[in-house]
Amino acid sequence: ASHAALLEQHQGREGEPCDFVCHARHFPEAGISQWMVCPSDVPGAFSMQAGVLAACGLSIVSAEAVTRTDGTCINSFAVTDMRGRVVTDQGRWRRVQRMLSRVMAGEKALSELLANASTHAKAGNAGPDARLKRIEVSNDLSDLATVVEVITDDRVGLVYDITQVFVDRGLDLQVAKIATRHDLASDAFYVVNRHGNKMGKRSRRMLSAVLRERFN
């Protein structure tokens with residue numbers, strides 16, 4: 001029902017600058033807030049949204065990105081603040097929305113915002129830099145996409161950093177499954193190349209090497 005409502009709102013905004021609609025709801029019993037976004041079809045939308053959340057001091061506990069057959073994306077993030085609490089402050093969610101609008105419009109550089117957030121997190125002893133535990137880039141786990149599995153220490157902007165590698169290499173993210181427990185991130189990304197196909201052997205090997213270099 002929530003997805004249907006977002007899609008209806010999004011269709012009503014087609015053609016507007018920085019076209020996206022979003023909605024936050026809260027689940028105190030589960031200890032998380034959920035932020036759902038239906039963005040315009042722009043490269044790296046999921047990565048950008050994950051980066052904005054991190055820049056606003058929110059921690060991604062889990063996330064899913066789904067691309068529909070009509071090309072519309074619906075991204076869902078379960079988040080907490082840096083102390084692991086539900087984020088019910090509406091002012092903070094308005095800040096997230098404003099920042100995403102400004103980043104999409106090119107008025108703010110997300111890399112600078114994330115660098116500032118990371119500096120503050122380190123000053124507060126928020127955790128170690130990411131260290132890779134395991135990576136697998138496989139064509140055997142899905143019939144339609146290459147699956148990239150990454151297990152590493154969690155840190156500010158991690159999901160953004162991983163997905164930016166995909167953007168830089170021209171890969172299209174179809175589905176993302178993000179899970180973080182006890183400062184350990186276990187993430188799976190379903191990607192295809194610019195032709196909509198699985199990655200070839202050489203491309204998979206190069207992607208694995210880039211990720212290992214980035215996080216080792």
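**Terms and values**

Tutor: Of the 216 residues in the chain, 45% are buried. This is a predicted model, in which local features need pLDDT of at least 70 and side-chain atom pairs count only at pLDDT 80 or more, while totals for chains, interfaces and linings use all residues. Residues are numbered from 1 along each chain as its sequence is written, and side-chain values use heavy atoms, with hydrogens and water left out.

Student: Why is Thr163 called buried?
Tutor: Buried means under 20% relative accessible area (exposed is over 50%, partly exposed in between; 1.4 Å probe, protein chains only). Thr163 has a relative accessible area of 3%, so Thr163 counts as buried.

Student: Where is Thr163, and what is in contact with Thr163 beyond its neighbours within four places in sequence?
Tutor: Thr163 belongs to helix H5. Helices (H or I, at least four residues) and strands (E, at least two) are DSSP runs, numbered from the N terminus. With those sequence neighbours set aside, Thr163 is in contact with Phe46, Ser47, Leu173 and Phe189; contact means heavy atoms within 4.5 Å.

Student: What describes the packing of H5 and H6?
Tutor: The axes of H5 (residues 158-168) and H6 (residues 201-215) come within 10 Å and cross at roughly 150°. Axes are lines fitted to C-alpha atoms, for helices over the stretch in contact, and angles run from 0 to 180 degrees between N-to-C directions. On the H5 side the contact is made by Leu158, Asp161, Ile162, Val165 and Phe166, and on the H6 side by Leu207, Val210, Leu211, Arg214 and Phe215.

Student: What is the order of the strands in the open sheet?
Tutor: The eight strands run E1-E2-E4-E3-E7-E8-E6-E5, with antiparallel pairing.

Student: What makes E1 and E5 edge strands?
Tutor: E1 (20-27) and E5 (132-138) each have a single partner strand, so one side of each is left without a neighbour in the sheet.

Student: How do you know that E5 and E6 pair?
Tutor: Two strands pair if DSSP finds at least two bridges between them. E5 and E6 (residues 146-153) have six bridges in the antiparallel sense, and Ile135 stands opposite Val150 in E6. H6 packs on the sheet, touching E5 and E6.
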